[in-house]
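Here's a quick tour for anyone meeting this structure for the first time. Take a look at the sequence and the model, then read on.

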Amino acid sequence: MPRALTIIIPTKNRAPLIAGLLAGLRNLDGLARIQPQIVFADNASKDETWKILQSAAPTFPVPLATVKVADRGKSAAINQAVQAANGTTLAFLDDDVIPDQRWLEA
């Protein structure tokens, strides 16, 4: 059964910022009720970004998928993440933000 919402986040070499973004996503109001799928598309990071995402996925409170993207560019990452999405609505976040706690419910 498809989810109502998939959050897509393309990323590349953002290891220092990913922990803050993941914490912000965990703290979103309505996360348990809305249960979005979250898809990170890692565009061939050369830092610890992929490793951080892989270790967060098993214990994340909602489905967190990671897609490794070989083609260069943000558009390629977004396109592959869309292919992995199962939500009927897609929302896009950049990898250098921490969403407001009320973002998901809004």
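Two strands count as paired if DSSP finds at least two bridges between them. Helices (H or I, at least four residues) and strands (E, at least two) are DSSP runs, numbered from the N terminus. With that in hand: β1 and β2 run parallel and are joined by six bridges.

A word on where things come from: this is a predicted model, where local features need pLDDT of at least 70, side-chain atom pairs count only at pLDDT 80 or more, and totals for chains, interfaces and linings use all residues. Residues are numbered from 1 along each chain as its sequence is written, and side-chain values use heavy atoms, with hydrogens and water left out.

**The sheet**

- Four strands make up an open sheet in the order β3-β2-β1-β4, and the pairing is parallel.
- The edges belong to β3 and β4 (87-92), each of which pairs on one side only.
- Ignoring direction, neighbouring strands in this sheet are turned by 25° against each other on average; axes here are lines fitted to C-alpha atoms, for helices over the stretch in contact, and angles run from 0 to 180 degrees between N-to-C directions.

- A residue is called buried under 20% relative accessible area, exposed over 50%, and partly exposed in between (1.4 Å probe, protein chains only).

**Helix α1**

- α1 (residues 15-26) has 12 residues, which at 1.5 Å a residue should span 16 Å; the end C-alpha atoms are 17 Å apart, which agrees. The expected span is 1.5 Å times one less than the number of residues.
- Which residues of α1 are buried? They are Ala15, Ile18, Leu21, Leu22, Gly24 and Leu25.
- These residues cover an arc of only 160° around the axis, which puts them on the same side of α1; the arc is that of the directions from the helix axis to the C-beta atoms.
- They pack against β1 (3-11), α2 (31-34), β2 (37-42), α3 and β3 (64-68), where contact means heavy atoms within 4.5 Å.
- α1 lies across β1, β2 and β3, and runs at about 170° to β2.

**Helix α3**

- Thr49, Leu53 and Ala56 are the buried residues in α3.
- Looking down the axis of α3, its buried residues fall within an arc of 65°, so they line one face of the helix.
- Their cover includes β1, α1, β2 and β3.
- Turned away from that buried side is a face with the exposed residues Lys51 and Ser55.
- Ser55 has a relative accessible area of 52%, so it counts as exposed. Its side chain reaches the backbone oxygen of Ile52 at 3.0 Å. A polar contact is a pair of N or O atoms within 3.5 Å; within protein, one must be able to donate a hydrogen and the other to accept it, and residues adjacent in sequence count only if both atoms are side-chain atoms.

- Thr49, in helix α3, has 0% relative accessibility and so counts as buried.
- Leaving out residues up to four places away in sequence, Thr49 touches Thr11, Asn13, Arg14, Ala15, Ile18 and Asp42.
- A polar atom of the Thr49 side chain lies 2.9 Å from the backbone nitrogen of Ala15.
- Thr49 and Thr11 are 38 residues apart along the chain, yet their C-alpha atoms are separated by 8.2 Å.
- Thr6, in strand β1, is buried as well, at 0% relative accessibility.
- The Thr6 side chain reaches the backbone nitrogen of Gly87 at 2.8 Å.

**Helix α4**

- In α4 (residues 74-84), Ala76, Ala77 and Ala81 are buried.
- Seen down the α4 axis, the buried residues fall within an arc of 130°, so they line one face of the helix.
- β1 and β2 are included in what covers them.
- Exposed residues Ser75 and Gln83 sit on the face of α4 turned away from its buried side.
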